[in-house]
Amino acid sequence: MAVEATDKQVVNEILDEAGAPVVVFDRVKLAFDEKVVLRDISFTLLKGHTKIILGASGSGKSTILKIITGLLRADEGVVWVNGSRVDQLSELEMMAVRADLGMIFQEGALFDSLTVRENVGYKLYEESDMPIEQVHRRVEEVLGWIGMTEYIDRMPSALSGGQRRRVAIARAMAFKPRILLYDEATTGLDPITATTVDEEIIKLRDLEHVSSIVVTHQLRDAFYVATHMAVRGPAGQVEIVPAPPEKAREAEFIMVRDGVIVFEGDANALRRSTDPYITTFLE
Amino acid sequence: MLPFIENRLKQAALEVQEYVRLVTASIHAIFTRPRYTYDIVQQFDTIGVGSLTVVILTGFFTGAALCSQSGLTLDQFGARPIVGRLVSASMIKELGPVLTALMLTGRIGSGIAAELGSMVVTDQINALRALGTDPIRKLVVPRVLAGVLMAPVLTVISDFVGIVGGWIVARFQLQVASGVYWSSVTYALYPEDLWMGLIKPFVLGFAIVTIACHVGLRTSGGTQGVGTSTTISVVAGSVAVIAVDFFVTQVLIALLY
(Lines give C-alpha, C1' and ligand atoms only; values in the text may rest on other atoms or scores of the structure.)
Protein backbone atom coordinates (compact mmCIF):
# COMPACT_ATOMS: atom_id res chain seq x y z
CA MET A 1 0.00 0.00 0.00
CA ALA A 2 2.83 2.39 0.96
CA VAL A 3 4.74 1.48 -2.24
CA GLU A 4 1.60 2.18 -4.28
CA ALA A 5 1.20 5.59 -2.62
CA THR A 6 4.86 6.46 -3.32
CA ASP A 7 4.48 5.39 -6.97
CA LYS A 8 1.43 7.60 -7.28
CA GLN A 9 3.34 10.52 -5.77
CA VAL A 10 6.23 10.04 -8.24
CA VAL A 11 3.77 9.86 -11.14
CA ASN A 12 2.07 13.08 -9.99
CA GLU A 13 5.42 14.84 -9.64
CA ILE A 14 6.37 13.82 -13.20
CA LEU A 15 2.98 14.89 -14.53
CA ASP A 16 3.33 18.28 -12.84
CA GLU A 17 6.46 19.05 -14.87
CA ALA A 18 6.15 21.02 -18.11
CA GLY A 19 6.17 18.79 -21.18
CA ALA A 20 5.25 15.65 -19.25
CA PRO A 21 3.65 12.88 -21.35
CA VAL A 22 -0.04 12.88 -20.44
CA VAL A 23 -1.28 10.47 -23.13
CA VAL A 24 0.91 7.74 -24.60
CA PHE A 25 -0.15 5.24 -27.29
CA ASP A 26 2.34 2.45 -27.87
CA ARG A 27 1.66 0.06 -30.78
CA VAL A 28 -2.07 -0.01 -30.23
CA LYS A 29 -4.21 -2.36 -32.28
CA LEU A 30 -7.97 -2.83 -32.38
CA ALA A 31 -10.29 -4.85 -34.61
CA PHE A 32 -14.04 -5.46 -34.62
CA ASP A 33 -14.39 -9.06 -35.80
CA GLU A 34 -12.73 -9.14 -39.24
CA LYS A 35 -12.51 -5.35 -39.59
CA VAL A 36 -9.19 -3.95 -38.39
CA VAL A 37 -9.73 -0.36 -37.18
CA LEU A 38 -6.32 0.46 -35.69
CA ARG A 39 -3.28 -1.44 -36.99
CA ASP A 40 -0.34 0.08 -35.21
CA ILE A 41 -0.85 3.45 -33.54
CA SER A 42 1.88 5.11 -31.45
CA PHE A 43 2.04 8.74 -30.36
CA THR A 44 2.58 10.89 -27.28
CA LEU A 45 0.65 13.96 -26.15
CA LEU A 46 2.70 16.30 -24.01
CA LYS A 47 1.25 18.43 -21.24
CA GLY A 48 -0.25 21.69 -22.50
CA HIS A 49 0.20 20.64 -26.14
CA THR A 50 -2.34 19.82 -28.84
CA LYS A 51 -2.53 16.78 -31.10
CA ILE A 52 -4.70 17.20 -34.15
CA ILE A 53 -5.75 13.87 -35.62
CA LEU A 54 -6.74 14.09 -39.27
CA GLY A 55 -8.10 11.41 -41.52
CA ALA A 56 -10.98 10.40 -43.71
CA SER A 57 -14.24 9.08 -42.25
CA GLY A 58 -13.80 5.55 -40.92
CA SER A 59 -10.02 5.85 -40.62
CA GLY A 60 -10.12 5.18 -36.87
CA LYS A 61 -9.76 8.73 -35.50
CA SER A 62 -12.71 8.66 -33.10
CA THR A 63 -11.74 5.16 -31.98
CA ILE A 64 -8.48 6.59 -30.62
CA LEU A 65 -10.42 8.98 -28.36
CA LYS A 66 -12.73 6.19 -27.20
CA ILE A 67 -9.71 4.10 -26.23
CA ILE A 68 -8.25 7.01 -24.24
CA THR A 69 -11.50 7.43 -22.27
CA GLY A 70 -11.85 3.67 -21.79
CA LEU A 71 -15.09 3.50 -23.79
CA LEU A 72 -13.31 0.93 -25.96
CA ARG A 73 -10.47 -1.39 -25.03
CA ALA A 74 -7.45 -1.96 -27.28
CA ASP A 75 -6.76 -5.54 -28.41
CA GLU A 76 -3.00 -5.03 -28.22
CA GLY A 77 -0.55 -2.33 -27.19
CA VAL A 78 -0.17 -0.04 -24.21
CA VAL A 79 -2.15 3.12 -23.47
CA TRP A 80 -1.10 5.52 -20.70
CA VAL A 81 -3.32 8.37 -19.59
CA ASN A 82 -2.10 10.62 -16.78
CA GLY A 83 0.18 7.87 -15.53
CA SER A 84 -2.43 5.09 -15.56
CA ARG A 85 -2.40 2.14 -17.96
CA VAL A 86 -5.98 2.40 -19.14
CA ASP A 87 -5.74 -0.71 -21.30
CA GLN A 88 -5.58 -2.75 -18.10
CA LEU A 89 -8.12 -0.90 -15.93
CA SER A 90 -11.61 -2.11 -15.10
CA GLU A 91 -14.65 0.12 -15.72
CA LEU A 92 -14.68 1.03 -12.02
CA GLU A 93 -10.97 1.95 -12.01
CA MET A 94 -11.46 4.00 -15.19
CA MET A 95 -13.77 6.35 -13.28
CA ALA A 96 -10.74 7.82 -11.48
CA VAL A 97 -8.92 8.41 -14.80
CA ARG A 98 -12.04 9.99 -16.31
CA ALA A 99 -12.11 12.52 -13.47
CA ASP A 100 -9.29 14.31 -15.30
CA LEU A 101 -10.58 13.75 -18.85
CA GLY A 102 -13.20 15.75 -20.68
CA MET A 103 -14.64 14.61 -23.99
CA ILE A 104 -16.67 16.54 -26.53
CA PHE A 105 -18.65 14.12 -28.69
CA GLN A 106 -19.79 14.48 -32.27
CA GLU A 107 -23.10 16.42 -32.26
CA GLY A 108 -22.47 17.31 -28.59
CA ALA A 109 -24.25 14.29 -27.02
CA LEU A 110 -26.03 16.59 -24.57
CA PHE A 111 -28.58 14.90 -22.28
CA ASP A 112 -31.82 15.92 -23.96
CA SER A 113 -33.97 15.60 -20.84
CA LEU A 114 -31.78 18.07 -18.90
CA THR A 115 -31.47 21.85 -19.21
CA VAL A 116 -28.24 23.56 -20.25
CA ARG A 117 -27.50 24.25 -16.55
CA GLU A 118 -28.02 20.59 -15.60
CA ASN A 119 -25.97 19.40 -18.58
CA VAL A 120 -23.02 21.66 -17.85
CA GLY A 121 -23.05 20.93 -14.13
CA TYR A 122 -23.90 17.24 -14.56
CA LYS A 123 -20.67 15.81 -13.19
CA LEU A 124 -20.54 18.29 -10.32
CA TYR A 125 -24.21 17.77 -9.38
CA GLU A 126 -24.18 13.99 -9.68
CA GLU A 127 -20.63 12.80 -9.11
CA SER A 128 -19.10 15.24 -6.63
CA ASP A 129 -19.68 16.46 -3.09
CA MET A 130 -19.43 20.12 -4.10
CA PRO A 131 -22.09 22.26 -2.37
CA ILE A 132 -24.99 23.06 -4.69
CA GLU A 133 -24.42 26.84 -4.51
CA GLN A 134 -20.82 26.36 -5.55
CA VAL A 135 -21.91 24.15 -8.46
CA HIS A 136 -24.36 26.84 -9.62
CA ARG A 137 -21.56 29.43 -9.50
CA ARG A 138 -19.18 27.19 -11.45
CA VAL A 139 -21.84 26.47 -14.12
CA GLU A 140 -22.57 30.19 -14.52
CA GLU A 141 -18.84 30.94 -14.66
CA VAL A 142 -18.23 28.34 -17.39
CA LEU A 143 -21.26 29.41 -19.41
CA GLY A 144 -20.12 33.03 -19.09
CA TRP A 145 -16.69 31.99 -20.36
CA ILE A 146 -18.17 30.58 -23.58
CA GLY A 147 -20.79 33.35 -23.83
CA MET A 148 -23.87 31.18 -23.26
CA THR A 149 -25.19 32.52 -19.95
CA GLU A 150 -28.56 33.58 -21.36
CA TYR A 151 -29.28 30.01 -22.50
CA ILE A 152 -28.80 28.51 -19.03
CA ASP A 153 -32.41 27.36 -18.57
CA ARG A 154 -33.03 26.21 -22.13
CA MET A 155 -33.35 22.60 -23.21
CA PRO A 156 -30.76 21.28 -25.71
CA SER A 157 -33.50 20.91 -28.36
CA ALA A 158 -33.92 24.70 -28.30
CA LEU A 159 -30.26 25.33 -29.21
CA SER A 160 -28.59 25.57 -32.61
CA GLY A 161 -25.88 23.11 -33.67
CA GLY A 162 -23.08 25.52 -32.78
CA GLN A 163 -24.63 26.37 -29.40
CA ARG A 164 -24.93 22.66 -28.59
CA ARG A 165 -21.22 22.11 -29.32
CA ARG A 166 -20.31 25.06 -27.12
CA VAL A 167 -22.48 23.74 -24.29
CA ALA A 168 -20.77 20.36 -24.77
CA ILE A 169 -17.40 22.10 -24.38
CA ALA A 170 -18.71 23.85 -21.25
CA ARG A 171 -19.87 20.50 -19.85
CA ALA A 172 -16.49 18.92 -20.53
CA MET A 173 -14.55 21.79 -18.91
CA ALA A 174 -16.86 22.43 -15.92
CA PHE A 175 -14.98 20.02 -13.65
CA LYS A 176 -11.59 21.40 -14.76
CA PRO A 177 -10.03 18.34 -16.42
CA ARG A 178 -6.40 18.59 -17.51
CA ILE A 179 -7.03 16.77 -20.79
CA LEU A 180 -9.79 17.54 -23.30
CA LEU A 181 -10.68 15.35 -26.26
CA TYR A 182 -12.64 16.88 -29.15
CA ASP A 183 -14.38 14.44 -31.49
CA GLU A 184 -15.35 16.29 -34.69
CA ALA A 185 -16.36 19.32 -32.63
CA THR A 186 -16.85 21.52 -35.70
CA THR A 187 -18.23 19.04 -38.23
CA GLY A 188 -21.48 20.20 -39.77
CA LEU A 189 -21.14 23.80 -38.56
CA ASP A 190 -20.94 26.86 -40.77
CA PRO A 191 -17.48 28.51 -40.92
CA ILE A 192 -18.36 31.39 -38.59
CA THR A 193 -19.82 29.11 -35.89
CA ALA A 194 -16.96 26.65 -36.37
CA THR A 195 -14.50 29.49 -35.69
CA THR A 196 -16.21 30.28 -32.36
CA VAL A 197 -15.78 26.62 -31.37
CA ASP A 198 -12.12 26.70 -32.54
CA GLU A 199 -11.55 29.78 -30.39
CA GLU A 200 -12.93 27.98 -27.33
CA ILE A 201 -10.45 25.16 -27.97
CA ILE A 202 -7.58 27.66 -28.27
CA LYS A 203 -8.66 29.57 -25.13
CA LEU A 204 -8.86 26.39 -23.06
CA ARG A 205 -5.42 25.31 -24.24
CA ASP A 206 -3.64 28.64 -23.77
CA LEU A 207 -5.44 30.19 -20.82
CA GLU A 208 -6.48 27.11 -18.82
CA HIS A 209 -3.39 25.06 -19.87
CA VAL A 210 -5.47 22.08 -20.93
CA SER A 211 -3.78 19.40 -23.04
CA SER A 212 -5.98 18.56 -25.99
CA ILE A 213 -6.53 16.04 -28.74
CA VAL A 214 -8.62 17.34 -31.62
CA VAL A 215 -10.08 14.80 -34.02
CA THR A 216 -11.37 16.34 -37.22
CA HIS A 217 -11.43 16.16 -40.97
CA GLN A 218 -12.08 19.90 -41.25
CA LEU A 219 -8.69 21.20 -42.39
CA ARG A 220 -9.62 24.84 -42.00
CA ASP A 221 -10.41 24.35 -38.30
CA ALA A 222 -7.37 22.14 -37.74
CA PHE A 223 -4.96 24.76 -39.11
CA TYR A 224 -6.77 27.58 -37.29
CA VAL A 225 -6.35 25.81 -33.93
CA ALA A 226 -2.71 24.96 -34.70
CA THR A 227 -1.63 28.39 -35.87
CA HIS A 228 -3.44 30.68 -33.44
CA MET A 229 -3.09 31.39 -29.75
CA ALA A 230 -5.11 33.11 -27.05
CA VAL A 231 -3.67 36.03 -25.10
CA ARG A 232 -5.08 38.46 -22.59
CA GLY A 233 -5.17 42.06 -23.80
CA PRO A 234 -4.25 45.07 -21.66
CA ALA A 235 -7.82 45.37 -20.35
CA GLY A 236 -7.94 41.66 -19.50
CA GLN A 237 -9.98 40.81 -22.59
CA VAL A 238 -9.13 37.59 -24.46
CA GLU A 239 -7.73 37.97 -27.96
CA ILE A 240 -7.04 35.28 -30.56
CA VAL A 241 -3.85 36.11 -32.47
CA PRO A 242 -1.55 34.25 -34.90
CA ALA A 243 0.87 32.06 -32.95
CA PRO A 244 4.66 32.51 -33.25
CA PRO A 245 6.50 29.50 -34.82
CA GLU A 246 7.67 28.05 -31.48
CA LYS A 247 4.09 28.11 -30.15
CA ALA A 248 2.66 26.69 -33.37
CA ARG A 249 5.08 23.75 -33.06
CA GLU A 250 3.27 22.72 -29.85
CA ALA A 251 0.35 21.68 -32.03
CA GLU A 252 1.22 18.47 -33.82
CA PHE A 253 -0.74 16.87 -36.63
CA ILE A 254 -1.28 13.15 -37.00
CA MET A 255 -2.71 11.79 -40.23
CA VAL A 256 -4.42 8.42 -39.87
CA ARG A 257 -5.13 6.24 -42.88
CA ASP A 258 -6.68 2.76 -42.58
CA GLY A 259 -5.68 2.50 -38.94
CA VAL A 260 -2.04 3.51 -39.45
CA ILE A 261 -0.32 6.86 -38.83
CA VAL A 262 1.00 8.07 -42.18
CA PHE A 263 2.21 11.48 -40.98
CA GLU A 264 3.21 13.15 -37.72
CA GLY A 265 4.53 16.69 -37.50
CA ASP A 266 3.62 20.38 -37.20
CA ALA A 267 1.48 22.49 -39.54
CA ASN A 268 4.42 23.57 -41.71
CA ALA A 269 5.67 20.02 -42.13
CA LEU A 270 2.16 18.91 -43.09
CA ARG A 271 1.88 21.64 -45.71
CA ARG A 272 5.30 20.69 -47.13
CA SER A 273 4.55 16.95 -47.27
CA THR A 274 4.83 15.36 -50.71
CA ASP A 275 2.98 12.17 -49.75
CA PRO A 276 0.30 11.71 -52.46
CA TYR A 277 -2.41 10.78 -49.93
CA ILE A 278 -1.70 13.84 -47.78
CA THR A 279 -1.53 16.21 -50.72
CA THR A 280 -4.85 14.85 -51.99
CA PHE A 281 -6.33 15.26 -48.52
CA LEU A 282 -5.07 18.85 -48.26
CA GLU A 283 -6.37 19.90 -51.69
CA MET B 1 -27.03 -22.82 -44.76
CA LEU B 2 -24.77 -24.15 -41.99
CA PRO B 3 -22.78 -20.91 -41.55
CA PHE B 4 -26.11 -19.05 -41.35
CA ILE B 5 -27.36 -21.31 -38.55
CA GLU B 6 -23.96 -21.12 -36.83
CA ASN B 7 -24.05 -17.32 -36.96
CA ARG B 8 -27.59 -17.24 -35.62
CA LEU B 9 -26.67 -19.55 -32.74
CA LYS B 10 -23.59 -17.47 -31.92
CA GLN B 11 -25.70 -14.31 -31.98
CA ALA B 12 -28.28 -15.88 -29.67
CA ALA B 13 -25.55 -17.05 -27.28
CA LEU B 14 -24.05 -13.55 -27.27
CA GLU B 15 -27.43 -11.97 -26.49
CA VAL B 16 -27.97 -14.38 -23.58
CA GLN B 17 -24.45 -13.70 -22.29
CA GLU B 18 -24.96 -9.92 -22.46
CA TYR B 19 -28.39 -10.20 -20.81
CA VAL B 20 -26.98 -12.27 -17.94
CA ARG B 21 -24.13 -9.78 -17.59
CA LEU B 22 -26.59 -6.87 -17.41
CA VAL B 23 -28.77 -8.66 -14.85
CA THR B 24 -25.74 -9.54 -12.69
CA ALA B 25 -24.38 -6.00 -12.85
CA SER B 26 -27.82 -4.56 -12.02
CA ILE B 27 -28.28 -6.80 -8.99
CA HIS B 28 -24.79 -5.90 -7.77
CA ALA B 29 -25.52 -2.20 -8.31
CA ILE B 30 -28.81 -2.38 -6.39
CA PHE B 31 -26.98 -3.39 -3.23
CA THR B 32 -23.93 -1.11 -3.56
CA ARG B 33 -23.30 2.62 -3.75
CA PRO B 34 -23.62 5.11 -5.38
CA ARG B 35 -27.40 5.25 -5.78
CA TYR B 36 -29.25 7.88 -7.79
CA THR B 37 -32.24 8.48 -5.50
CA TYR B 38 -33.84 11.18 -7.64
CA ASP B 39 -33.85 8.89 -10.69
CA ILE B 40 -35.31 6.04 -8.61
CA VAL B 41 -38.19 8.22 -7.37
CA GLN B 42 -38.76 9.53 -10.91
CA GLN B 43 -39.01 5.99 -12.30
CA PHE B 44 -41.44 4.93 -9.56
CA ASP B 45 -43.62 7.80 -10.70
CA THR B 46 -43.25 7.06 -14.42
CA ILE B 47 -43.68 3.31 -14.19
CA GLY B 48 -46.06 3.15 -11.23
CA VAL B 49 -48.31 6.20 -11.31
CA GLY B 50 -47.99 6.59 -15.08
CA SER B 51 -49.30 3.07 -15.72
CA LEU B 52 -52.30 3.33 -13.39
CA THR B 53 -54.88 4.33 -16.01
CA VAL B 54 -54.05 1.58 -18.46
CA VAL B 55 -53.92 -1.04 -15.70
CA ILE B 56 -57.23 0.05 -14.17
CA LEU B 57 -59.01 0.02 -17.54
CA THR B 58 -57.58 -3.38 -18.46
CA GLY B 59 -58.43 -4.87 -15.08
CA PHE B 60 -61.97 -3.49 -15.08
CA PHE B 61 -62.96 -4.71 -18.52
CA THR B 62 -61.24 -8.08 -18.08
CA GLY B 63 -63.10 -8.69 -14.80
CA ALA B 64 -66.40 -7.60 -16.36
CA ALA B 65 -65.98 -9.76 -19.49
CA LEU B 66 -64.82 -12.71 -17.40
CA CYS B 67 -67.93 -12.44 -15.23
CA SER B 68 -70.22 -12.32 -18.28
CA GLN B 69 -68.60 -15.38 -19.85
CA SER B 70 -68.41 -17.32 -16.59
CA GLY B 71 -72.10 -16.55 -15.92
CA LEU B 72 -73.08 -18.24 -19.19
CA THR B 73 -71.02 -21.34 -18.41
CA LEU B 74 -72.17 -21.58 -14.79
CA ASP B 75 -75.82 -21.30 -15.87
CA GLN B 76 -75.47 -24.71 -17.49
CA PHE B 77 -74.91 -26.15 -14.00
CA GLY B 78 -77.29 -23.78 -12.20
CA ALA B 79 -74.29 -22.36 -10.37
CA ARG B 80 -74.61 -18.66 -11.28
CA PRO B 81 -74.36 -17.47 -7.63
CA ILE B 82 -70.75 -18.68 -7.36
CA VAL B 83 -69.59 -16.51 -10.28
CA GLY B 84 -67.63 -14.30 -7.84
CA ARG B 85 -65.50 -17.27 -6.86
CA LEU B 86 -64.47 -17.81 -10.47
CA VAL B 87 -63.79 -14.14 -11.11
CA SER B 88 -61.64 -13.66 -8.00
CA ALA B 89 -59.64 -16.87 -8.47
CA SER B 90 -58.98 -16.17 -12.16
CA MET B 91 -58.13 -12.51 -11.64
CA ILE B 92 -55.88 -12.97 -8.63
CA LYS B 93 -54.01 -16.09 -9.69
CA GLU B 94 -53.62 -15.58 -13.42
CA LEU B 95 -55.30 -12.79 -15.33
CA GLY B 96 -54.36 -9.92 -13.01
CA PRO B 97 -50.60 -10.63 -12.99
CA VAL B 98 -50.35 -11.60 -16.68
CA LEU B 99 -52.52 -8.84 -18.13
CA THR B 100 -50.91 -6.19 -15.95
CA ALA B 101 -47.49 -7.44 -17.03
CA LEU B 102 -48.52 -7.40 -20.70
CA MET B 103 -49.83 -3.86 -20.35
CA LEU B 104 -46.59 -2.83 -18.65
CA THR B 105 -44.61 -4.44 -21.48
CA GLY B 106 -46.51 -2.37 -24.01
CA ARG B 107 -46.28 0.83 -22.06
CA ILE B 108 -42.97 0.85 -20.21
CA GLY B 109 -41.07 -1.86 -22.08
CA SER B 110 -41.35 0.08 -25.32
CA GLY B 111 -40.64 3.39 -23.57
CA ILE B 112 -37.50 2.12 -21.87
CA ALA B 113 -36.13 0.53 -25.05
CA ALA B 114 -36.83 3.69 -27.09
CA GLU B 115 -35.34 6.02 -24.46
CA LEU B 116 -32.18 4.02 -23.84
CA GLY B 117 -31.85 3.23 -27.55
CA SER B 118 -31.98 6.94 -28.43
CA MET B 119 -29.37 7.63 -25.78
CA VAL B 120 -27.10 4.97 -27.28
CA VAL B 121 -27.35 6.19 -30.88
CA THR B 122 -26.81 9.84 -29.89
CA ASP B 123 -23.74 8.94 -27.80
CA GLN B 124 -25.42 10.02 -24.55
CA ILE B 125 -24.56 6.69 -22.91
CA ASN B 126 -20.90 7.16 -23.86
CA ALA B 127 -21.10 10.75 -22.59
CA LEU B 128 -22.45 9.44 -19.25
CA ARG B 129 -19.54 7.00 -18.97
CA ALA B 130 -17.03 9.66 -19.97
CA LEU B 131 -18.43 11.88 -17.21
CA GLY B 132 -17.81 9.14 -14.67
CA THR B 133 -21.35 7.78 -14.35
CA ASP B 134 -22.11 4.08 -14.59
CA PRO B 135 -25.16 3.79 -16.91
CA ILE B 136 -26.27 0.64 -15.09
CA ARG B 137 -26.58 2.51 -11.80
CA LYS B 138 -28.02 5.67 -13.32
CA LEU B 139 -30.43 4.20 -15.86
CA VAL B 140 -30.99 0.49 -15.31
CA VAL B 141 -31.19 0.20 -11.51
CA PRO B 142 -33.94 2.85 -11.06
CA ARG B 143 -36.03 1.18 -13.77
CA VAL B 144 -35.49 -2.33 -12.38
CA LEU B 145 -36.41 -1.25 -8.86
CA ALA B 146 -39.50 0.59 -10.08
CA GLY B 147 -40.53 -2.33 -12.32
CA VAL B 148 -40.04 -4.99 -9.64
CA LEU B 149 -41.76 -3.06 -6.86
CA MET B 150 -44.53 -1.33 -8.80
CA ALA B 151 -45.68 -4.38 -10.83
CA PRO B 152 -47.14 -6.09 -7.69
CA VAL B 153 -48.82 -2.86 -6.57
CA LEU B 154 -50.37 -2.37 -10.00
CA THR B 155 -51.40 -6.02 -10.10
CA VAL B 156 -53.23 -5.73 -6.77
CA ILE B 157 -55.05 -2.66 -8.07
CA SER B 158 -55.88 -4.46 -11.31
CA ASP B 159 -57.18 -7.50 -9.36
CA PHE B 160 -59.41 -5.32 -7.20
CA VAL B 161 -60.77 -3.28 -10.11
CA GLY B 162 -61.36 -6.50 -12.06
CA ILE B 163 -63.39 -7.97 -9.22
CA VAL B 164 -65.36 -4.72 -9.00
CA GLY B 165 -65.98 -4.93 -12.77
CA GLY B 166 -67.20 -8.48 -12.23
CA TRP B 167 -69.49 -7.32 -9.45
CA ILE B 168 -71.15 -4.71 -11.69
CA VAL B 169 -71.86 -7.34 -14.35
CA ALA B 170 -72.95 -9.89 -11.73
CA ARG B 171 -75.30 -7.41 -10.07
CA PHE B 172 -76.87 -5.72 -13.09
CA GLN B 173 -76.57 -8.28 -15.90
CA LEU B 174 -76.58 -11.65 -14.15
CA GLN B 175 -78.87 -10.43 -11.36
CA VAL B 176 -76.70 -11.97 -8.62
CA ALA B 177 -77.18 -10.21 -5.28
CA SER B 178 -74.19 -8.12 -4.14
CA GLY B 179 -73.92 -9.97 -0.83
CA VAL B 180 -73.84 -13.33 -2.60
CA TYR B 181 -71.19 -12.11 -5.05
CA TRP B 182 -68.85 -10.66 -2.43
CA SER B 183 -69.14 -13.60 -0.06
CA SER B 184 -68.40 -15.87 -3.02
CA VAL B 185 -65.34 -13.75 -3.89
CA THR B 186 -63.86 -13.99 -0.40
CA TYR B 187 -64.91 -17.61 0.06
CA ALA B 188 -62.71 -18.69 -2.83
CA LEU B 189 -59.61 -16.87 -1.65
CA TYR B 190 -56.99 -19.09 -0.07
CA PRO B 191 -53.64 -17.78 1.21
CA GLU B 192 -51.86 -19.88 -1.45
CA ASP B 193 -53.78 -18.07 -4.18
CA LEU B 194 -52.84 -14.71 -2.73
CA TRP B 195 -49.18 -15.70 -2.59
CA MET B 196 -49.38 -16.92 -6.17
CA GLY B 197 -50.88 -13.59 -7.27
CA LEU B 198 -48.34 -11.56 -5.32
CA ILE B 199 -45.12 -13.40 -6.15
CA LYS B 200 -45.69 -13.59 -9.91
CA PRO B 201 -45.65 -9.83 -10.59
CA PHE B 202 -42.25 -9.41 -8.88
CA VAL B 203 -40.74 -11.88 -11.35
CA LEU B 204 -42.68 -10.56 -14.34
CA GLY B 205 -41.80 -6.92 -13.52
CA PHE B 206 -38.14 -7.87 -13.32
CA ALA B 207 -38.27 -9.73 -16.65
CA ILE B 208 -40.06 -6.90 -18.50
CA VAL B 209 -37.69 -4.15 -17.35
CA THR B 210 -34.42 -6.06 -17.68
CA ILE B 211 -35.35 -7.22 -21.20
CA ALA B 212 -36.29 -3.65 -22.19
CA CYS B 213 -33.05 -2.23 -20.72
CA HIS B 214 -30.97 -4.94 -22.41
CA VAL B 215 -32.58 -4.38 -25.80
CA GLY B 216 -32.35 -0.59 -25.44
CA LEU B 217 -28.68 -0.59 -24.48
CA ARG B 218 -27.81 -2.94 -27.38
CA THR B 219 -29.37 -0.60 -29.95
CA SER B 220 -27.36 0.16 -33.06
CA GLY B 221 -28.07 1.70 -36.43
CA GLY B 222 -29.51 5.16 -35.77
CA THR B 223 -33.21 6.00 -35.57
CA GLN B 224 -34.16 2.86 -37.50
CA GLY B 225 -32.33 0.86 -34.85
CA VAL B 226 -34.34 2.58 -32.12
CA GLY B 227 -37.57 1.53 -33.85
CA THR B 228 -36.33 -2.04 -34.18
CA SER B 229 -35.31 -2.15 -30.51
CA THR B 230 -38.72 -0.89 -29.42
CA THR B 231 -40.45 -3.62 -31.41
CA ILE B 232 -38.08 -6.32 -30.14
CA SER B 233 -38.57 -5.13 -26.58
CA VAL B 234 -42.38 -5.42 -26.78
CA VAL B 235 -42.36 -8.76 -28.62
CA ALA B 236 -39.64 -10.37 -26.48
CA GLY B 237 -41.16 -8.90 -23.30
CA SER B 238 -44.67 -10.20 -24.12
CA VAL B 239 -43.44 -13.69 -24.98
CA ALA B 240 -41.27 -13.68 -21.85
CA VAL B 241 -44.26 -12.70 -19.69
CA ILE B 242 -46.32 -15.64 -20.94
CA ALA B 243 -43.41 -18.11 -20.71
CA VAL B 244 -42.14 -16.90 -17.32
CA ASP B 245 -45.71 -16.97 -15.99
CA PHE B 246 -46.00 -20.64 -16.95
CA PHE B 247 -42.72 -21.63 -15.26
CA VAL B 248 -43.34 -19.54 -12.14
CA THR B 249 -46.81 -21.06 -11.88
CA GLN B 250 -45.32 -24.58 -11.99
CA VAL B 251 -42.75 -23.69 -9.33
CA LEU B 252 -45.31 -22.05 -7.06
CA ILE B 253 -47.78 -24.94 -7.42
CA ALA B 254 -44.99 -27.33 -6.41
CA LEU B 255 -44.01 -25.13 -3.46
CA LEU B 256 -47.34 -23.84 -2.17
CA TYR B 257 -50.02 -26.41 -2.85
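Modeller: In this predicted model, B:Asp159 has 26 other C-beta atoms within 10 Å, and because the threshold for a buried residue is 20 or more, B:Asp159 counts as buried. The residue belongs to helix α6 of chain B. When neighbours within four places in sequence are set aside, the contacts of B:Asp159 are B:Gly59, B:Met91, B:Ile92, B:Gly96 and B:Gly197.

Helix α3 of chain B comprises residues 52-75 and helix α6 of chain B residues 135-172; their axes come within 7 Å and cross at roughly 40 degrees. The angle lies between the limit of 35 degrees for roughly parallel axes and the range of 65 to 115 for roughly perpendicular ones, and α3(B) is therefore oblique to α6(B). The crossing of α3(B) past α6(B) is right-handed. In the contact of these two helices, 15 residues are nonpolar, nine are polar and one is charged. B:Gly59, one of the contacts of B:Asp159, falls within the 52-75 range of α3(B).

As to the contact between the chains, 15 residues of chain A meet 10 residues of chain B. On the side of chain A, the elements that contribute two or more residues are α3 (91-98) and α5 (122-127) of chain A. Of the elements on that side, α5(A) gives the most, with four residues. Sorted by class, the side of chain A that touches chain B holds eight nonpolar, two polar and five charged residues.

Chain A itself is divided into two domains. Domain 1 is made up of 20-100 + 181-283, and domain 2 of 112-176. A distance of 24 Å separates the C-alpha centres of domain 1 and domain 2 of chain A. Their contact draws eight residues from domain 1 of chain A and seven residues from domain 2 of chain A. The side of domain 1 of chain A that touches domain 2 of chain A consists, by class, of four nonpolar, three polar and one charged residues.

Note on methods
Residues numbered from 1 in each chain as written. Chains lettered and ligands numbered in written order. Predicted model: local features only at pLDDT ≥ 70, side-chain atom pairs only at ≥ 80, totals over all residues. Domains from an automatic or database assignment. Contact = placed C-beta atoms within 7 Å. Nonpolar A, V, L, I, M, F, W, Y, C, P; charged D, E, K, R; others polar. Axes fitted to C-alpha atoms, helices over the stretch in contact; angles between N-to-C directions. Parallel < 35°, antiparallel > 145°, perpendicular 65-115°, else oblique. Left-handed = near helix turned anticlockwise from the far one by under 90°. Buried ≥ 20, exposed ≤ 12 C-beta atoms within 10 Å, placed from the backbone.
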